[in-house]
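Take a look at the protein model below. Keep the sequence at hand as you read.

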Amino acid sequence: MKKKNSLVVLVLFSTMLLVGTAVFVEACKKRPLFEDGIAEVLPEEMSPMAEKFVSGVKKFKEKVVLYRKNLLKSDEYITLDSAAWNIESLFNVSYAFPEEKYEKNVSQDLKFVLPVAKSDLVKMSDVSRLYDEVVDKVRDAYSNDGIADRKKLKSVIVWISDKKDTECTVNVRLVSGRSASPDNDLSQFILGPFKDGDCWYFGEYGGTCEDPTVGSDAAEQIEAYINYNYAWNHGSEMGRRTVLTNILRYEVLPKNYYDDVHNKYYLFYININDNASSLYIDASELNYYYWGAKKVFLESVPVDENVPQDYVFFGVDMKGVIEGDYAMFKSSSAYGIPLSLPEDAIGTAVDILKN
């Protein structure tokens with residue numbers, strides 16, 4: 001593949017993306033514009049969906065407390081999907097701050113085993129015990145995420161895998177972050193956020209082209225800019241808070257998103273046997289992959305995966321890895337429904353390290 005670094009190509013590409021976005025919105029008004037992450041304005045009190053959410057969270061919380069105190073003599077059964085939803089929802093209501101603007105995100109994956117009783121049903125008592133285990137393990141992981149200042153927990157995402165007759169795996173992705181500082185502006189510019197002279201190793205925390213000891217890489221830098229500029233992070237009104245629910249996550253492979261115009265992939269994906277020096281990415285290429293990431297996560301994935309129209313882009317986790325002969329950006333993007341809730345109906349989130 002030919003490497004394109006010229007200013008003209010980047011200007012044309014940026015213009016093409018802006019025009020393409022306008023056409024996309026005009027042609028598909030039934031879908032949301034993920035670009036700015038603005039959800040539909042909700043009424044002053046609660047929407048029917050918000051009321052249902054609050055009711056479900058409260059019921060689950062009550063049962064967790066009762067099972068914890070051994071005050072229920074009989075058990076009940078719920079589906080695996082309900083178990084995942086309840087754990088994710090109660091945790092995020094209790095400890096997450098999704099409305100913050102973050103300049104850095106850290107994702108950590110935890111796994112738990114949940115007994116399956118019969119026909120994909122699980123006991124509520126087992127789910128209750130698992131919730132307490134999730135809180136403990138997430139607290140430990142969060143305390144060791146490497147973020148020292150302006151640290152907050154953004155969310156957990158919970159899903160089920162490896163279903164068997166007697167057990168399944170409950171996956172919990174913890175997303176924590178450093179809240180944005182007024183002194184650290186990650187906003188993009190006309191050609192993109194990267195400036196002349198910027199140069200990063202593609203991944204594996206390989207640092208800059210000049211200093212391999214810097215604890216970052218191209219994938220992490222692009223991730224930070226995408227999340228800062230496009231992930232949903234609108235604050236809440238006085239006396240209210242916002243909770244993200246029904247979170248959907250998608251594993252995104254770069255080989256599935258090819259740019260025919262520029263004869264390369266929108267996300268970094270190269271055969272390292274062709275040119276090992278391409279693992280070092282300069283400013284023009286960094287900006288190309290920044291705009292490519294925006295297109296993939298805000299336009300292509302929502303359409304390809306039929307993400308419902310009331311969902312917003314919640315963020316992406318990008319990692320630069322080598323698999324076989326290929327170096328690439330492997331990513332996981334998340335989308336969810338933001339609900340505006342009165343604090344007196346759902347309570348306030350607390351720092352999990354202090355609770």
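## Ground rules

This is a predicted model: local features need pLDDT of at least 70, side-chain atom pairs count only at pLDDT 80 or more, and totals for chains, interfaces and linings use all residues. Residues are numbered from 1 along each chain as its sequence is written, and side-chain values use heavy atoms, with hydrogens and water left out.

Some words need cut-offs. A residue is buried under 20% relative accessible area, exposed over 50%, and partly exposed in between, using a 1.4 Å probe and protein chains only. Helices (H or I, at least four residues) and strands (E, at least two) are DSSP runs, numbered from the N terminus.

## Salt bridges

Side chains of opposite charge can pair when their charged atoms come close. A salt bridge here is a side-chain nitrogen of Lys or Arg within 4 Å of a carboxyl oxygen of Asp or Glu. How many salt bridges does the structure hold? The count is 19.

Start with D149. Its side chain meets that of R150 in a salt bridge, at 3.1 Å from N to O. D149 is partly exposed, at 37% relative accessible area. R150 is also partly exposed, at 34%. The side chain of D149 meets R178 in a salt bridge as well, at 3.3 Å from N to O. This pair links distant parts of the chain, 29 residues apart. R178 sits in strand 5 (residues 167-179), while D149 is in the loop between helix 4 (124-143) and strand 4 (151-161). R178 counts as buried, with 19% relative accessibility.

Now turn to helix 6 (residues 283-304). K295 and E299 form a salt bridge, their closest N and O atoms being 3.8 Å apart. The two are four residues apart in this helix, so about one helical turn separates them. E299 is buried, at 11% relative accessible area. Elsewhere, salt bridges that share partners join E103, D149, R150 and R178 into one network.

## The disulfide

A disulfide is a pair of cysteine sulfur atoms within 2.5 Å. The structure holds one. Which cysteines does the disulfide join? C199 is joined to C209, with an S to S distance of 1.8 Å. The torsion about their S-S bond is about -65°, so the disulfide is left-handed.

C199 lies in strand 6 (residues 199-201), and C209 is in the loop between strand 6 and helix 5 (218-230), so the pair ties together parts 10 residues apart in sequence. C199 is buried, with a relative accessible area of 16%. C209 counts as partly exposed, at 26%. Another cysteine, C168, is buried at 1%.

## Nonpolar cores

In soluble globular proteins, nonpolar side chains tend to be buried together. A nonpolar core is a set of buried Ala, Val, Leu, Ile, Met, Phe, Trp, Tyr and Cys residues joined through side-chain atoms within 4.5 Å. The largest one has 84 residues. F91, V138, F297 and F329 have the most contacts inside it. Helix 6 gives the most to this core, with 11 residues.

Contact means heavy atoms within 4.5 Å. Leaving out residues up to four places away in sequence, F297 touches a set that includes V252, L267, F313 and Y335.

A nonpolar patch is made of residues with over 30% relative accessible area and no salt bridge, with side chains of Val, Leu, Ile, Met, Phe, Trp or Tyr joined within 5 Å. Accessible areas come from the Shrake-Rupley method with a 1.4 Å probe; for residues, only the protein chains shown count as cover. L66, L71 and L72 form such a patch, with about 240 Å² of accessible area together. L71 is in the loop between helix 2 (48-68) and strand 1 (77-79). L71 is exposed, at 53% relative accessible area.

Most residues other than glycine have a negative phi. N70 has a positive phi of about 55°, although it is not a glycine. N70 lies in the loop between helix 2 and strand 1. N70 is exposed, at 67% relative accessible area. Y205 has a positive phi too, near 55°. Y205 lies in the loop between strand 6 and helix 5. Is Y205 buried or exposed? Y205 is exposed, at 52%.

Note on methods. Patches are made of residues with over 30% relative accessible area and no salt bridge: like charges are joined within 9 Å, nonpolar side chains (Val, Leu, Ile, Met, Phe, Trp, Tyr) within 5 Å.
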